[in-house]
Amino acid sequence: MRKVAAIAVTEFVNTVRSRGFLLALMLTPVFIAASAAVQLIIKERVETEDRRFAVFDPTGRLFDAVSKAAAARDGTGAGRRAPRFVPERAPDGEPSRVAAELSRRVKKGELFAFVMIDAGVLEGRQGAGIAYHAQTQTYLDLPLWLKGALDDAVKEARVGREKVNAAAFARVVKAVPLRRLGMVELDAAGAPLAAPPASLAGDFIVPAAAMFLLFLLVFMSVPMLLHSVIEEKQLRVWEVLVASVSPFQLLMGKLLGNTLVSLSVSFFYLGGAVALAEKCGVGEQVPPQLIAWFLVFQLLALLIYGSMFSAIGAACSELRDAQSLMTPAMFLLIAPMFGWVAILRSPDSSFARWLSLFPPATPMLMLLRLALPPGPEPWEVGLSVLLTAAFTIVCVWMAGKIFRIGILAQGQTPTLRRLAAWVLAK
Amino acid sequence: MSDTPAVRLSDVSKSFGTHPAVKALSLEVPRATVYGFLGPNGSGKTTTLRLILHILLPDSGTVSVLGASGTRAANDRIGYLPEERGLYKKMEVRRQLEYLSALKGVPPARSRPMITAWLERFGLAEWADEKVETLSKGMCQKVQFIAAVACQPELVVLDEPFSGLDPVNQEVLRDAILELKRRGTTVILSTHDMTAAEEMCDFVCMMNRGGKVLDGTLDELRRTRGDGTVRVETAGGAAALAGLPGVASVRDLGRLQEVRVDGDPQELLKALLARGAVTRFETVRPTLKEIFLAHAAAPMTSEAALPRDSARAGAP
């Protein structure tokens, strides 16, 4: 055990003293913050050009309403950081001819889009509607705003046509507000407390951030193990090492060293995240038990994927050889992440439950479920930890078998079949 | 000191795929001696060393090292300098040596004085806190040697320790190895360098194609394998030897002829005197290289090795 500790400590010290590690430690959050900031800045900068659009209005009543709504939008300040919407009346004429002429102007860049209103739209004629024409259909702000503005204008016009009392109609169609709240709890005296409002931080940001941070830490850590093992083979240090310790001790020392490095990084990042949450007034959304679970699943994930990547490193003499074997291991690590949106939408579904019990996916996805209210059942958490711990033991055992032979192998291009043979070898 | 040999290999074989690297090898390395493994590339020397260190496990036979049989239990008492040198380039010299000693179960507090002493002896003290990548190849080799001996092992295994060293450093290393022996350390040396082996080894084991060709003390090898060769100087030159009984082969060196005698050299001398004046007639003590060259190409049989008792007879 002392030798394993000596290897772990040396791995840890070698890593944390390296310039690359310190740079990565400091620059990763800087890069994340910078990329978020850049996106915001770019969004504001890109969307400042006026969106000019033409409205073909055979009814003669809707263009004015759209113009008024556009002016009102700019007046409220909505258009201050976003582009202004500038409508213009399209000339009268045969609709298809007008559409062709407006299309030409869009292509020339004189207009961003145009709207063709059917003549029978106010009467609610069958098939009558509004067509929005644009070259850039991915810009949704304008069509969404137009739909709302034209809906309101059409309703108002119809009310006038039907001679309905406008005030009465407004009362009839007035939307009922819906507030999203949490559960009503009782105080010590048994009196119901006010339900807390739904929180973007608690329901989305914290769970997603916890899961992605765990993924990022594992993704950053385990390839370092692979590189370290291959480097030892390339530097020919391995022979001195295995003359002093068994390959399994060497593997365990390296795994623990890497785990220590990753947990140290967590210390900084989790500390920073908690401080940020406190500063933003959502500190209660990051409870201590969530941090404890984060560390438990981080440990398990590092041992699972660390043993896989170490074994791959031991089996290869060069990084180039490792690429083909890394693909399935990377797939195991990344594939469960594709299920996170489904779990976020429905954390107690069967899909969420079973996927989070699949050991390679458990660390990331069970952590996500734990962070999402109301959280999984205790038996699910217990079972997931048991299954993942058992899977971890199997991974470390198999890695030890591969490591024992692989660390001595030179000049052989490894294949999955050969690795399987090494696992089964006595 | 224990009477058991430092290393005992009994009928050990090891193959890689279909290629036999070591074939039915048996030998004993007496304690507190310098034992040389000699042989050309691919003769099985390095594989044998790895078997002794339990880096490789034998397919058959038993390996017993410092009294521990078939386990790595003795590895903490063995220092190893592999043929393929390897150090962490980004680690400082002293920290690296302390780490490698710690892997032998010697904590830094105990290894530090030894490391300091060895660094001073090899003129590396001022490089102790420098990274290995700043050292020359020769310096790295000396650091690697220190890594093998800093844990004060009972057995040191050195695979080609002199390769890549200049003559001055070869001499420094040679002295260090002999001092280890004087302190009671058993040294196993693998080398192609027959001259170095001749100077340093108490025992040698010649290997070729995975098998043992010869083993024993140097004197035994010379006595047993070297007799039967004489150098002759006669007025008649090589022609005077023609047709004489017992002459197996003649190597004409000009003024001298080297004759391999099949039988009693005294009978050859009588026959030569009968033909004319003999100005020189001497028995040749062959060098290790000559013994090896004479036997390396021969088919290997168990009879090629000296009887074990005979090999042990000269142990100090």
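The following legends describe close-up views of a predicted model.

Local features are given where pLDDT is at least 70 and side-chain atom pairs only at pLDDT 80 or more, whereas totals for chains, interfaces and linings use all residues of this predicted model. Residues are numbered from 1 along each chain as its sequence is written, and chains are lettered from A and ligands numbered from 1 in the order in which they are written.

**View 1. The largest nonpolar core of the model has 150 residues.** A nonpolar core is a set of buried Ala, Val, Leu, Ile, Met, Phe, Trp, Tyr and Cys residues joined through C-beta atoms within 7 Å. A residue is buried if 20 or more other C-beta atoms lie within 10 Å of its own, exposed if 12 or fewer, and partly exposed in between, with C-beta atoms placed from the backbone. The residues with the most contacts inside this core are L214(A), Y305(A), I312(A), L367(A), I146(B), V157(B) and I188(B). Helix 11 (residues 288-315) of chain A gives the most to this core, namely 15 residues; helices (H or I, at least four residues) and strands (E, at least two) are DSSP runs numbered from the N terminus. Another core, of 24 residues, lies apart from it and includes F53(A), F63(A), V66(A) and A70(A).

**View 2. Helix 15 (residues 362-371) of chain A packs on helix 16 (residues 378-406) of chain A.** Their axes are 11 Å apart and the packing angle is about 165°; axes are lines fitted to C-alpha atoms, for helices over the stretch in contact, and angles run from 0 to 180 degrees between N-to-C directions. Helix 15 of chain A is therefore roughly antiparallel to helix 16 of chain A, a term for angles over 145 degrees. T362(A), P363(A), M366(A) and L370(A) of helix 15 meet V381(A), S384(A), L387(A) and T388(A) of helix 16, contact requiring C-beta atoms, placed from the backbone, within 7 Å. These residues comprise five nonpolar, three polar and no charged; Ala, Val, Leu, Ile, Met, Phe, Trp, Tyr, Cys and Pro count as nonpolar, Asp, Glu, Lys and Arg as charged, and the others, Gly among them, as polar.

**View 3. Helix 15 of chain A is largely enclosed by the rest of the structure, because 10 of its 10 residues are buried.** The buried residues of helix 15 pack against helix 8 (200-234), helix 11, helix 13 (340-345), helix 14 (350-356) and helix 16 of chain A. Beyond its neighbours within four places in sequence, L367(A) is in contact with A210(A), M211(A), L214(A), W293(A), F294(A) and F297(A).

**View 4. F297(A) lies in helix 11 of chain A.** F297(A) is buried, with 24 other C-beta atoms within 10 Å. Leaving aside neighbours within four places in sequence, F297(A) is in contact with L214(A), P363(A), M366(A) and L367(A).

**View 5. Helix 11 of chain A crosses helix 12 (residues 319-334) of chain A at roughly 170°.** The axes come within 10 Å, and the two helices are roughly antiparallel. Y305(A), M308(A), F309(A), I312(A), G313(A) and A315(A) of helix 11 contact A322(A), L325(A), M326(A), A329(A) and L333(A) of helix 12. By class, this contact has 10 nonpolar, one polar and no charged residues.

**View 6. Chain A and chain B meet through 16 residues from chain A and 19 residues from chain B.** Helix 1 (2-16) and helix 9 (238-242) of chain A each supply at least two residues of the side of chain A that touches chain B. That side has nine nonpolar, four polar and three charged residues.

Conventions:
Contact = placed C-beta atoms within 7 Å. Parallel < 35°, antiparallel > 145°, perpendicular 65-115°, else oblique.
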